[in-house]
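User: Hello! Could you walk me through this structure, one question at a time?

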Amino acid sequence: MLTFILRRLLAGLVLIFAVSLVAFTMLYAGGGDIARRIMGQNASDETVALRAQQLGLDQPLVVQYVNWLTSAITGDFGVSWFTSQPVTTSLTSRLAVTLSLVIGTTIVAAIISVVLGVLAARRGGWVDAVVQFIAVIGFAVPGFLIALYLVLWFAIELGWFKATGYIPISTSFTGWLSSVTLPIAALSLSAIAAVAQQVRGSVVDALSRDYVRTLRARGLSMNRVVFKHVLRNAGGPALAVLAVQFVGLLGGAVIVEQVFALPGVGQLTVSATSSGDIPVVMGVVIATAVIVVVVNLLIDLAQAALNPKVRLS
C-alpha cells in the first residue's frame, strides 16, 4: 500500500509541475507589455521600466519561472499586482467558501445518487423512468439557470433563504447552512445525474452475477446482499465518476458563486483574469491542481480499499 501511495504522489507532483510550467509560460509569454498594463497607458516609459524591474519582468522567462517556482515550493506565490495582498492570503480565505460548496455538493450527490441508483436498479419500471428523467434534466439544464430559479423561488418569492451573501461556519452554523443550501442545490443536479446513472448501471450488472444468486440461496436478504456486497463491487466505477464530478464542480462553482455573490475562488478568478493579475491567476491554477491531485489520491485509496486488484495493478 505504501508503494501504491508513493507512486500516486509522485505522479501528482509531476502533474503539478507540468501544469505550473504550461500556465506560467502561457500567461507571461502571451501577456504582452505587462508592466505597461499595470501602470496604465499614460505612464512614462521610465516608470514602466522601473515597475518591470521591480516585478522581475525584465529577466528571461526561464529565470522568472525558476524564481517563482522556488518561492512557490515554500508556499509563497507572491503578491497581487493590484491590491498588494499576498496571493496565499487571498486564496486561503476564499478556498474555504468554494470547498464548502464543492464538498457539500459531493456529499449530497453521493448520498442521493446511491439511493436513486439502487432504487432504479432494483425496482425498475416507473422508478427507473423517474431516475432517467432526472438524469436527462441534470445533463440538459445549466447550473447557473437552476441557480437563478432557486433564487427566484426560495429566496425572493418564499423568503426562506437569503438571495446573496456568505456566513462563515465559524460565525454561525445555521447561518452558514442557510447561505450554502441554494448554491449546493444548484450544483448538485448535474452531479446526481451522472453518478446515479453509473450506480444504476453498476448495480444492475452486479445483480446479474453468480455470487448474488449464491448469497440469496444461502438465505441472505436482498437488502443485505445489495448494501454489503453489491455496492462494494459497484462502488469503484461510481467513485471514479464522482471524482470527475468533483473536479468539474470546481469550475461550475465559478458561475454559481457569481449568481449568489459568494466570496469564493470563482469570484477571485474572474476579477484576477479580467484585470490581468497573473500572480493571483497562477495561485488559483496551482491550488486547483493540488486539489485535483489530492482528490484523485483519495479516490484511488478508496478504490484500493474496495478492490484489492487496484493495489496489485
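**A tour of the fold**

Glycine 165 has its place in the loop between α7 and α8, and the model shown is a predicted one.

User: Let us stay there, then. Is glycine 165 buried, partly exposed or exposed?

Analyst: Happy to start here. The relative accessible area of glycine 165 is 28%. Buried would need under 20% and exposed over 50%, so glycine 165 is partly exposed.

User: Which residues is glycine 165 in contact with, leaving aside its neighbours within four places in sequence?

Analyst: Serine 178 is 13 residues from glycine 165 in sequence, and their C-alpha atoms are 10.0 Å apart. Contact asks for heavy atoms within 4.5 Å. With sequence neighbours within four places set aside, the contacts of glycine 165 are Ser179, Phe260, Ala261 and Leu262.

User: Alanine 261 is interesting to me. What is its phi near?

Analyst: Good one to pick! Alanine 261 is found in the loop between α10 (222-260) and α11 (265-275), and with a relative accessible area of 38% it is partly exposed. Most residues other than glycine have a negative phi. Alanine 261 has a positive value, near 55 degrees.

User: Now the overall fold. How many helices and strands are there in the protein chain?

Analyst: From the N terminus on, the elements run α-α-α-α-α-α-α-α-α-α-α-α-α. The C-alpha trace spans about 85 × 55 × 35 Å along its principal axes. The count for the protein chain is 13 helices and 0 strands.

User: Of the contacts with a separation of 6 or more, what share comes from residues 24 or more positions apart?

Analyst: For background, the protein chain has 313 residues, and buried ones make up 39% of them. Among contacts with a separation of 6 or more, the share from residues 24 or more positions apart is 72%.

User: How do the residues of the contact of α7 with α8 divide into nonpolar, polar and charged?

Analyst: The two helices make a right-handed crossing. On the α7 side are Gly143, Ile146, Ala147, Leu150, Phe154 and Ala155, which meet Leu182, Ala185, Ala186 and Leu189 of α8. The division is 9 nonpolar, 1 polar and no charged.

User: How is α8 oriented relative to α10, roughly parallel or roughly antiparallel?

Analyst: The axes of α8 and α10 come within 7 Å and cross at roughly 155 degrees. This crossing is right-handed, and its contact residues divide into 23 nonpolar, 5 polar and no charged. An angle over 145 degrees is the test, so α8 is roughly antiparallel to α10.

User: Is serine 80 buried or exposed?

Analyst: Serine 80 is found in the loop between α4 (61-73) and α5 (87-123). Not counting residues up to four places away in sequence, it touches Gln85, Val87, Asp277 and Val280. Because its relative accessible area is 4%, serine 80 is buried.

User: Let us finish with aspartate 277. Which residues does it touch, not counting residues up to four places away in sequence?

Analyst: Aspartate 277 lies in the loop between α11 and α12 (278-306), and its 5% relative accessibility makes it buried. Alanine 163 is 114 residues from aspartate 277 in sequence and 29 Å from it in space, C-alpha to C-alpha. The residues that aspartate 277 touches are Ser80, Trp81, Phe82 and Ala272.

Conventions. Residues numbered from 1 in each chain as written. Predicted model: local features only at pLDDT ≥ 70, side-chain atom pairs only at ≥ 80, totals over all residues. Heavy atoms only, no water. Left-handed = near helix turned anticlockwise from the far one by under 90°. Helix = DSSP H or I, 4+ residues; strand = E, 2+ residues; numbered from the N terminus. Nonpolar A, V, L, I, M, F, W, Y, C, P; charged D, E, K, R; others polar. Buried < 20%, exposed > 50% of the residue type's maximum accessible area, 1.4 Å probe, protein only. Axes fitted to C-alpha atoms, helices over the stretch in contact; angles between N-to-C directions. Parallel < 35°, antiparallel > 145°, perpendicular 65-115°, else oblique.
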